[in-house]
Amino acid sequence: METMDNRLQVSIGICAYNEELNIGTLLEALLVQQTQCVNITQIIVVSSACDDTTDQIVQSFQDIKDSRVQLIKQSERRGKASAINLFLKKAIGDICVLESADTLPEKDTIEMLCSPFLDQRVGMTGGHPVPVDDTSHFLGFVTHFVWSLHHKIASIEPKLGELIAFRNIIRELPENTAVDEACIEQIIRQAAYDIRYTPLALVHNKGPETLHDFLCQRRRIFNGHLQLQSQTDYQVSTMNQSRILKLAIQDIQRTPKGVLWTAGAMVLEAYARLLGAYDFHIKKRNPYVWDIASSTKNLKIDNDRDTAADSPI
């Protein structure tokens, strides 16, 4: 549905847990978005038992800077899907946007993300995550490697994450899902809508700086995808192992360092998936309330970088 001025009404949801390092910068970036066919009507932050200054920062935006910012406090952490459900109850826009609290959009990202909804066949879109990590360090290289593969796979068959938008037709998500974006993908596809990857909708993120954080994060995601596949018979495109391997091999830098680091990245990803499979099949563990990878916070962008042309590998 469109409004009388022909603009799409958009509600943005941010699920936050101890995001004091980035939440203010994120809200500033959302409030100054350049839009034409989009009208941002709400920016709802669901704070799940934050014990830092996240709530105070959001409250100051709500009280002083812009009334579109709304703070919802959750007394305990019950998983991201639970927080999303609180957002969905308050969202009044035709289109719902979910942005990870530890990311930052470009100035026209929300417009690029939401403009495809002018086509009534489109039910969901996803942005293009671009890491800010330094590729001169191994884990920075690994982060770019993972998101480069994500971009290439999503360009073939959409797999959406970090920043998504969808028609406001979902009442609630299962609270025990650890992969909310994939869960929404499944619901939207089941409703017979198209899903589109929007590579010009750039959103910056930051990968883990420690091996522990990387393995925990990737392990949890793969476990969540196995849970979703088991419960709904829906498989996201990044579960296609042969396609991932083919694309990874195509992109290997033909230098000793490039070959070695790419091989290392592939081994780490394979090991994380093995751990995720172990958690799912053997431990019967569902990580829908997960430990935070603290090293992914405090996102900073080098504004001199040509991010649209950034090559992760």
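**How do we know? Questions about a predicted model**

Me: How confident is the predictor in this predicted model?
Reply: The mean pLDDT of the protein chain is 91, and 93% of its residues reach 70 or more. Residues 303-313 have a pLDDT below 50. Beyond near neighbours in sequence, that stretch has 21 contacts in the model.

Me: Why is Glu 162 called buried?
Reply: Good one to start with! Buried means under 20% relative accessible area. Glu 162 has a relative accessible area of 16%, so Glu 162 counts as buried.

Me: Where along the chain is Glu 162 found, and which residues does Glu 162 touch?
Reply: Look in the loop between α5 (138-156) and β7 (163-167). Leaving out residues up to four places away in sequence, Glu 162 touches Leu 98, Glu 99, Ser 100, Thr 103, Pro 129, Trp 147, Glu 181 and Asn 205.

Me: What makes the pair Glu 162 and Asn 205 a polar contact?
Reply: The cut-off for a pair of N or O atoms is within 3.5 Å. The side chains of Glu 162 and Asn 205 are joined at 2.9 Å, so the distance meets that cut-off.

Me: What is the strand order of the open sheet?
Reply: Its 8 strands follow the order β3-β2-β1-β4-β7-β6-β8-β5, and the pairing is mixed.

Me: Why are β3 (69-74) and β5 (104-105) said to stand at the edges?
Reply: Each has a single partner strand, so one side of each is left without a neighbour in the sheet.

Me: How do you know that β1 and β2 pair?
Reply: Two strands pair if there are at least two bridges between them. Strand β1 (residues 8-16) and strand β2 (residues 38-48) are joined by 9 bridges, so they pair. They run parallel, and Val 10 stands opposite Ile 40 in β2.

Me: Which helices lie across β1, β2 and β3?
Reply: Helix α1 (residues 23-31) lies across these strands as well as β4 (95-99) and β5, running at about 165° to β2. Helix α2 (residues 54-65) lies across β1, β2 and β3, at about 150° to β3.

Me: How many helices and strands does the protein chain have, and why is the chain called as compact as a globular protein of that length?
Reply: There are 9 helices and 8 strands. The radius of gyration is 19 Å, close to the 20 Å that the globule rule gives for 313 residues, so the chain is as compact as a globular protein of that length. Of the 313 residues, 57% count as buried.

How values were computed:
Residues numbered from 1 in each chain as written. Predicted model: local features only at pLDDT ≥ 70, side-chain atom pairs only at ≥ 80, totals over all residues. Heavy atoms only, no water. pLDDT = per-residue confidence, 0-100. Contact = heavy atoms within 4.5 Å. Helix = DSSP H or I, 4+ residues; strand = E, 2+ residues; numbered from the N terminus. Buried < 20%, exposed > 50% of the residue type's maximum accessible area, 1.4 Å probe, protein only. Polar contact = N/O pair within 3.5 Å; in protein donor to acceptor, adjacent residues only side chain to side chain. Axes fitted to C-alpha atoms, helices over the stretch in contact; angles between N-to-C directions. Rg over C-alpha atoms; globule rule 2.2 N^0.38 Å.
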